[in-house]
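Hi everyone, thanks for coming. Have a look at the sequence and the structure on the slide, and keep them in view while I talk.

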Amino acid sequence: MEKPTLVMVHGLVGSLHYFQPQNLITNAAVKNVDLLGYGEYRGFLPGGLSLAAQAEHVSRWISENAGKPVWLLGHSMGGAIVMLVADTDPDSILGIINVEGNFTLEDTFWSRKIISDPPDIWDKKYDRMLGDIPECLSRWGISNTTQRVQWLRHVMANQPPSTVYAMACALVKETADPEYLQVVSRVVQRIPTHLIAGERSAAAWGVPEYVRKQAASDHLQPDTGHLMMLEQPAEFCRIVDDILLSSRG
């Protein structure tokens with residue numbers, strides 16, 4: 001049986017390339033997409049950034065680089081984007097893996113903190129974070145290893161702070177719109193939606209009760225937080241692999 005394609009969409013601070021999931025996930029052909037303003041698209045002007053624009057970009061990228069139908073995996077902000085993508089073309093989506101994706105304003109606590117400062121202050125804070133990666137890991141409750149420091153430095157260098165700020169604004173604004181939860185409701189009723197959370201961060205994930213009830217599966221990755229793929233990439237990919245395997249018809 002031919003493997004399905006799994007398109008992975010990163011979060012607010014981007015890239016899921018760093019832990020090479022294509023080498024760890026065996027039940028799908030893995031493709032990572034950079035969002036507008038990130039990675040190969042980092043030159044995209046912040047003024048044109050929104051969740052809706054990112055969803056259009058991902059849909060177009062899939063058509064040009066992956067074909068259809070596909071599985072979609074979205075982490076954090078990427079979880080919100082894949083719901084929008086799936087709503088526009090549900091018949092082309094085999095399933096969704098939502099990894100602590102944004103459902104409500106409860107999930108935008110970091111974005112709200114970012115935009116509480118003016119952009120120039122945020123730029124300076126971001127530069128300080130990038131200049132002391134071990135301190136960032138410690139503050140986030142993640143033990144320091146050489147590998148994790150290298151990975152997080154790669155993740156944070158993948159986009160300018162202006163992109164993060166613009167998308168934080170978009171995330172707060174667009175997930176607060178009642179229409180967004182209507183999108184979520186339509187998607188979970190039509191497309192198998194699987195949930196993954198880190199054990200340490202799961203309690204802060206604002207998953208609506210109807211999403212929990214309609215989810216095709218609900219997974220808790222032990223001893224990890226929101227950046228579970230940074231902490232334990234092999235275990236994260238095993239969970240993803242199990243979801244893909246169990247969903248084969």
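Predicted model: local features only at pLDDT ≥ 70, side-chain atom pairs only at ≥ 80, totals over all residues.

Residues are numbered from 1 along each chain as its sequence is written, and side-chain values use heavy atoms, with hydrogens and water left out.

Let's start with helix H7, residues 161-176. Helices here are DSSP runs of H or I with at least four residues, strands are E runs of at least two, and both are numbered from the N terminus. Why does its length make sense? The expected span is 1.5 Å times one less than the number of residues, so the 16 residues of H7 should span 22 Å, and the end C-alpha atoms are 23 Å apart, which agrees.

Buried means under 20% relative accessible area, exposed means over 50%, and partly exposed is in between, using a 1.4 Å probe and protein chains only. Among the buried residues of H7 are Pro-161, Tyr-165, Met-167 and Leu-171. The buried residues of H7 pack against H1, H2, H3, H4 and H8, with contact meaning heavy atoms within 4.5 Å.

Now helix H8. Its 13 residues reach 19 Å from first C-alpha to last, close to the 18 Å expected. Tyr-180, Val-183, Val-184, Ser-185, Val-187 and Val-188 are buried in H8, and their cover includes H2, S4, H7, S5 and H9.

On to the pocket. A pocket is an open set of points on a 1 Å grid over the protein atoms alone, where a 1.4 Å probe fits, with protein on both sides within 12 Å along at least five of seven lines; lining residues have an atom within 4 Å of a point. Which residues lie nearest the centre of the largest pocket? Those are Phe-109, Trp-110, Trp-140, His-226 and Leu-227, out of 40 lining residues. H3 gives the most to that lining, with five residues.

Next, Thr-104, in the loop between S4 and H3. Thr-104 counts as buried, at 18% relative accessibility. Leaving aside neighbours within four places in sequence, Thr-104 is in contact with Gly-206 and Pro-208.

Last, the cysteines. Cys-136 is buried at 0% relative accessibility, and Cys-237 is buried at 0% too. With a disulfide taken as a pair of cysteine sulfur atoms within 2.5 Å, the count comes to zero.
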